[in-house]
Amino acid sequence: FQNNHIKTSRYNILTFLPVNLFEQFQRVANAYFLFLLILQLIPEISSLSWFTTIVPLVMVFTITAVKDATDDCFRHKSDNQVNNRQVEVLVDGKLQNAKWMNIKPGDIIKVENNTFVAADLLLLSSSEPHGLCYIETAELDGETNLKVRQALPVTSELGADMRKLAEFDGVVVCEPPNNKLDKFIGVLFWKNNRYSLNNEKMLLRGCVLRNTNWCFGMVIFAGPDTKLMQNSGRTKFKRTSIDRLMNTLVLWIFGFLVCMGIILAIGSSIWEHQFGAHFRIYLSWNEVVDSSVFSGFLTFWSYIIILNSVVPISLYVSVEVIRLGHSHFINCDLKMYYPKKDTPAEVRTTTLNEELGQIEYIFSDKTGTITQNIMTFNKCSINGKTYGDVYDELGRKTEVNEKTVPVDFSFNPLADKKFQFYDHSLLESIKLEDPMVYEFFRLLSLCHTVMPEEKKSGELIYQVQSPDEGALVTAARNFGFIFKSRTPDTITVEEMGKLVTYQLLAILDFNNIRKRMSVIVQTPDGQIKLYCKGADTILFERLHPSNEELMSLTSDHLEEFAGEGLRTLALAYKNLTEEHFKEWFTILQEANTSFPAAYEEIERDMMLLGATAIEDKLQEGVTETIASLSLANIKIWILTGDKQETAMNVGYSCHILTDTMNEIFIVAGHTVTEVREELRKVKEHLFGQSKDLSNGHASCEKKQESKQSSVLEEIVDGDYALVINGHSLAHALEADLENEFLDVACMCKTVICCRVTPLQKAQVVELVKKHRNAVTLAIGDGANDISMIKSAHIGVGISGEEGMQAVLASDYSFAQFRYLKRLLLVHGRWSYFRMCKFLCYFFYKNIAFTLVHFWFGFFCGFSAQTVYDPWFITLFNIVYTSLPVLAMGLFDQDVNEQNSMAYGKLYELGQLNLLFNKRKFFICIAHGIYTSFALFFIPYGAFYNTAGEDGKHIADYQSFAVTMATSLVIIVSVQIVLDTSYWTAINRFFILGSIAVYFAILFAMHSNGIFGIFPNHFPFVGNARISLGQISVWLVILLTTVVSVMPVIIFRFLKEDLHPTLTDKVRKLQRARRKQKPLQRHMRRVSRTTSRRSAYAFSHQEGFGELITSGKNM
Amino acid sequence: MKNKDNQSAQESNPRCPDSSAFKQQKLPAWKPKLTASTVLSSFFVIGLFCLLVGICLILSARSVNEIQIDYSDVCLNCSKLRESSSNWDKECNCFAHFTLQENMPGDIFMYYRLQNFYQNHRRYVLSRSDAQLLGQDVNIQNSYCAPFATYPNGTPMAPCGAIANSMFNDTVQLFYYVNSSTAIQVPLLKNGNSWWSDKNVKFRNPTSYNLSSAFAGTARPPYWQKPAYLLDEKDERNNGYINDDLIVWMRVSAFATFRNLYRRLSRTNQFADGLPAGNYTFHITYNFPVTKFQGKKQLVLSTITWSGGSNLFLGIAYTVSGAVIVLAGFVIAAIHLKRRKKKTYFQRHPK
């Protein structure tokens, strides 16, 4: 058995160094540099001094290690905090405080109200009657409604009796630890009896006890065995696709180096054989290396060392710096700062920024992410009149904004302060004592399964099973129909100040088929009334014919409400005569088994009261965000633990489902065959639309099929949506169906998965990751999203709400869903753009820099002589050329942020990986080779067999080195001038500064003073002064620059002129508009009018109805 | 309004980020774009400039008078003799005749030119001790001079290293035939042939009361005929490490074929205007073996111009690239105009 200690950290003090080093050496690049370092330590082949490699290498390692260490420190801290939480454990008949981590399976612990459950417990007893207790499982599955757990009757008798509890010696035999949140199978053996256990008796770690003062439970699983921990995947080290590409490219470059090394080594062997042997009178070997083959072998390694600067360590350092800079920009972005909660956006993994520009799939949680998880009573229609719209002075309908004055509920001491309603006419109607309005709110205050809790007087708290019920009851409360308390037989309501107690005769509870609920009450004056609320389609069928007119009016209103994305309910009542009720009641009791039929019987010929419209409040700006993201060709999948109706409803209200969609497929099969059949049908339908394809694909043709489908993906036109249920998903994710599922899902514009477990969320993400080779992003706020957040390429957590687990597991966090748009379309796109530009330039620069040695090899007897001063080689990447390219990598913008957001199409560059791929890489390489060629052969030709303008040296090695180095610095600076598209003061400063620094250092190192101190290390004394004083040297530099830069300008210009990309066009537009005020692009408002979704859809199980009438909870 | 919001937000919220232009990535910036006019005008300007420079360079290089005499073939006997290292102490003289058809006016520089001599070989380039040449007392065992650092008996070589050891040690004198029988020696300058910085900073003799004592305890490099302090006995300021011939040699060449300045014409008497036309003879004391590694030796007499020597490469390269750039400019202009026409055509006649 495991104890309750959990560990999410990766290292401890002892293992840190070896494990971290091991992890770092797993990076191909780091291992490569270590290898080079070892080579440089061998004197025979060392063509560069060893510290040129070791200094940067050690620097990189330390920085990375420090970063990893601090990250892990935070993990240790949070682990410690969780592990050291206090809990009361029953030891020797007494309660003792203990730390969470010290709990073992078999312990009996006490959980108090509003605290977290420490481990997976078997509920033994609770403060409530019948061993009931209420829990909230938000951390586990994201559902915020209360759930009931009930202890076994035998154990619930134990109560809070310590002695009896201590004597409890039951033995539980159960399944091994697993990650299924909704299943538990076990057997309790106690006092020679056998009791079977199921999930209803379990309290899982991560739940919060609500509405129950205390309960006792026996620990079944602890620590890593708990279902919560089983559900959270292992922390994986995330890499971006550019990282992976870079690793491949480094390998290629290494291969390239080896090829060049081999060519030069063969050259060296031949040279030694043909020439060097005779030249030995002047240049004998220290210890004679006779064989020319062996000398070639040594030369090979020497060249590997020299040429390694193609991929210098500074590349990796710079990449990290750029990512840090981008992360900093995200952290500092005011437009992603949420002032209400004082939460700025936060980058928690700094190495993923450019991947934000390549997202193809977004997996989003619903509750708390897209929606605020707040239901508000928004509008209503009472007796053919709508309330809830706001009109301005001129009688025009306006949007609710901050200036709109909400209805003042101060007359009502019990009003809920948070409730806001803007239409004053409703209150006026109440004040006028309109009987229909009274009846409307009476219904709302009576017909529900809410439980009240009056803590202090004037402070009324409703425990609701579904938030929309709460919204309705709260609305009634604010309008003066205050639901005060209930007993199994009565409901007490304060109606406009008077306490009225109704006899509760029957609750006709909600279920999925009925889609309505009713109560039958007897008013104090003896009238028996049936109040019913439910889906309009259902309800309208059971109205009294006299309602025809009102019905069509209300129906219009409902359509209007639904068009605004509100959830609607129709309300009706019916007066019953006592005889009628009694008659019916006896039928009901006789036909105990077939409730529905009896219910049907009485819910007839009702009188329509009106309708309510509840808003499942979306987070701010969700609709716009989703619209722009889908404009950017990002597919959004909603994965939610909620039920299908709710999920679809939200889908409609945030416009990812629309009525203009050609078809919405719903897959809800319970068995493999059903699901297979359903998927097949969907597929047929999709293919049938586009092409008449034979649909009899055998499973053996699956491979072929998936190939075809990628083609078909393009062909399928029209918008489709797929809604799939959790239990179907479980089958769809099995190996033989996953391909089919994915094919279908990817062809649909929208996919909604409902009732999914956390692990399924992760599985869906993995599936897309694996088979679509696409970059995925998961966004969520709750603990149930952790596994999804972890398994996606990028995980985003919504911060600011209570639960922080998702944020802790995420790579990015911010307070509002709408910031996602900015994160991806602005920051992500820029990051990707900058990183690609940076990499292209960096590879170009270093190829140009290094390949000169290859050309020189043919002229210096393949001796691995460097072209440049060793100091120049050391400083070139670190000092002379690092800052301009960093500035470009940090600040460059192709298109400004407004246009980045307005033209979603621009985002496709990243999705299709167009800015840096193997082709681009080869272009960079070719460009670099060309430059190095010009760089070497122009000075070579100019200096061949010539003298300076004073007749003295000019073609000497040192002058040649200085000329080349200066040309190189100038060429790469000019190149970055061409590459930079956004010139800030910093860019200008860095580019000019780098050139200035180059000359300053050059002159300093060639000065008399430094030579006097270290004559052997600075042998270039006086060189800069004399070489750079010659006109011909400058002419050479100028020609080299012109020749290497001009073709680039030609290509760039022609490309932009003949095939302008979208970026070019937008840039052009941007320039043209600079003087004018930038045009505001209005998002096309999508309005829906046709369909209406009416649903009393919100609770997952049947309500508390039975519980209430049975009186168990009182 | 928004700013106000931000400000008030900042006051009440400690975690609110700065609204500085830097952090919000709103720094004012210049966004250059390649437009047709800038690209084309720059092409024409740069192209014409290159053409101009190229033509100037070609003209100036053509104006250089240069004569080059290969004496490794002329002095075949000596070459043969030097192939065997056992003959190192046998003197070998040889003569190379040539005729100047025209006067060579101005400053005349005399170079020796070596072919196939890999002064740029890595091990060769390394094989020196700058500290030693600076006159410092250093342990040359630690330098890269080996195997030309010390003799087996431990005596250090001065100067050490392969470069110094392989110093060009032919002596050349130039004779001018005033008439067919009488020849007078052309006065040549040994001094001022090296860079100022080399002569005055980089190379220093070790300090002592006289030069020979300064070199006490050291020995000449094996291939030298005389020790360093006897390189120029007549001129104290051209002796030892600061001998111009040594300094010039120690500045290794970038390529295997190179020319080093050997002497300059002293413009006195009848040579005040340069070398008059007529017959000349190089009188060579042949010490430096080259045939073994298929090397060649030449002597060059040349005038110079502002752009250096007679190398035409730079001028041609400039001319060619200038021409290509101008041509490219025309092509681009043509493409651009054609495209614009098409575009306006489409605009006028929308589909």
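pLDDT is the predictor's confidence in each residue, from 0 to 100.

Some ground rules. This is a predicted model, where local features need pLDDT of at least 70, side-chain atom pairs count only at pLDDT 80 or more, and totals for chains, interfaces and linings use all residues. Residues are numbered from 1 along each chain as written, chains are lettered from A and ligands numbered from 1 in written order, and side-chain values use heavy atoms, without hydrogens and water.

Chain A averages a pLDDT of 80, with 87% of the residues scoring at least 70.

Now to salt bridges, meaning a side-chain nitrogen of Lys or Arg within 4 Å of a carboxyl oxygen of Asp or Glu. Over all chains, the count comes to 35. One of them pairs A:Asp894 with A:Arg829, closest N and O atoms 2.7 Å apart. A:Asp894 sits in the loop between helices H29 and H30, and A:Arg829 in helix H27, so the pair ties together parts 65 residues apart in sequence. Helices here are DSSP runs (H or I, at least four residues), numbered from the N terminus.

Are these two partners buried or exposed? Both A:Asp894 and A:Arg829 are buried, that is, under 20% relative accessible area with a 1.4 Å probe, protein chains only. In chain B, B:Arg128 and B:Asp130 form a salt bridge at 3.3 Å, and both are buried.

How values were computed
Helix = DSSP H or I, 4+ residues; strand = E, 2+ residues; numbered from the N terminus. Buried < 20%, exposed > 50% of the residue type's maximum accessible area, 1.4 Å probe, protein only.
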